[in-house]
Amino acid sequence: PMKIWLICQYYAPERGTAQLRMSSLARLWTSLGKDLNVLTATPQTFQGEPYPGYEHKPPFFTELIDGVSVWRHRVKNLGHGQPGRHGLRLWGQVAFAWGLLRHWFGQDRAPHVVVASSPPLLMGLSAWLLARHYQAKFVLDIRALWPAVLVQIGLLNPHSWQYRLFRTLEHFLYRRADVVVANSRSIAQHLVDHGLDPKKIYVLPDGVGDEAIGYRTTAAAQTAAAQLRNQLQANPLAKIVLYEGPLGMAQAVGQVLDAARQLMGRSDLLFVIMGDGDDRSRLQQVAQGMPNVVFLSTPTDGERRAAYTLADVVLSCHKDVQGLHTHVPPRLLELMASGAPVVAALAGEGADIMRRAQCGLVVPPEDSHALARAIVYVLDNPDKATDMGQAGPQYVNNHFRMTLVGQQYLALLHQVVDGK
């Protein structure tokens, strides 16, 4: 069988778009009989602490997750959730990149293809070196345009040495890869516009697992939603407006709080902010004195689905910067698949997908007045909200089902390995 090394710094049980994409692909490819190994770091919480059960693991170890062979490299605190400590993340990336080389040179199980998921970029260099060493094909999977996005959201100084390093490494990896896989058409177009050969670029979007499409109607989902309403101590008639996802600078979730402030006069609304990230502490301070806002920590998969089922409207948003227009925001496809109507403060590819799916309303990013109006419109027009909620799962099933995306990706890997 084809031997695949899937290299990604972030993987399950961590939760996020990158983790979901890589773990879903790994499960599918393993189930189809491929000899697959995931090379990743030890999982960490947003606060930079080891996940429960990983506190005392050795520097290098293996485990089996959902039938997938996962090889872990211990990386110390990366500074997640700690403003001003982004330097720690860089050193964490260096440590992981070095660990890959230290542990994987000289193995007797050479791969046919090495797939590296970026960002971060540094481990991409290690992945390329490993592919060269074993005379394997090198596939670079791009989820976001580093370092441009980091500069635009204010996390990286464009005059810094780190920016120059990332910029040089970005171009190096694009040109050395046998194939570059972009998870959006906009990223692919950006690469072509900057001189990359379009023949080596393929678009394979993120996907949603079959089990996550349209589950709101199941009895189990309804029971879990009722339990969550009790946990929130929400009025049975209260309408739930949900934001679930990362709380970072890129998402600009402050616009959700601004909309909630404008709607404080409506006693029937409760805004639930579910997640963690660098901006959580600041957001909680902003929300002090707002009785219509409650914060919950990063949910398990079951808690997330309960929240989607409970919600009368779900939100997706990002900061209004050009670099974020090229990618589909975290959770958007899952929100669409849930069966709840979506209100999205987006521009670019995510907004285009929403409009094609007709599963909700799109407003400009960081326009809290437009966001508040859209929320009210959906909540006050239940028939239209029902139509929107039904359209989302159907569109995701037809265009973003993970089994379909994963099979297309695997077919591409076969072409690359066979030299076609």
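Analyst: Let's begin with a term. A pocket is an open set of grid points with protein on both sides within 12 Å along at least five of seven lines. Keep in mind that this is a predicted model.

User: OK, how much space lies in the second largest pocket?

Analyst: About 590 Å³. The pocket is lined by 29 residues, and the closest to its centre are Leu 20, Ser 24, Arg 27, Glu 211 and Asp 301.

User: Which elements give two or more residues to that lining?

Analyst: Helix 1 (17-31), helix 10 (301-310), helix 11 (332-338) and helix 15 (402-418). Helix 1 gives the most, with 6 residues.

User: And what is the lining like by class?

Analyst: It has 12 nonpolar, 6 polar and 11 charged residues.

User: Back to helix 10. Is Thr 309 there buried or exposed?

Analyst: Thr 309 is found in helix 10. Its relative accessibility is 6%, so Thr 309 counts as buried, because the cut-off for buried is under 20%.

User: What does Thr 309 touch, leaving aside neighbours within four places in sequence?

Analyst: Tyr 215, Arg 216, Ala 221, Gln 222 and Ala 225. Also, a polar atom of the Thr 309 side chain lies 2.8 Å from the backbone oxygen of Arg 305.

User: New topic. Which residues touch the most other members in the largest nonpolar core?

Analyst: Ile 7, Leu 100, Leu 130, Phe 138, Leu 140 and Leu 191. That core has 48 residues. Apart from it lies another core, of 40 residues, including Ile 213 and Tyr 215.

Notes
Residues numbered from 1 in each chain as written. Predicted model: local features only at pLDDT ≥ 70, side-chain atom pairs only at ≥ 80, totals over all residues. Heavy atoms only, no water. 1 Å grid on protein atoms, 1.4 Å probe; cavity = no way out; pocket = protein on both sides within 12 Å on 5 of 7 lines; lining within 4 Å. Points joined across faces, edges and corners; volume = space filled by probe spheres on them. Helix = DSSP H or I, 4+ residues; strand = E, 2+ residues; numbered from the N terminus. Nonpolar A, V, L, I, M, F, W, Y, C, P; charged D, E, K, R; others polar. Core = buried A, V, L, I, M, F, W, Y, C linked by side-chain atoms within 4.5 Å. Buried < 20%, exposed > 50% of the residue type's maximum accessible area, 1.4 Å probe, protein only. Polar contact = N/O pair within 3.5 Å; in protein donor to acceptor, adjacent residues only side chain to side chain. Contact = heavy atoms within 4.5 Å.
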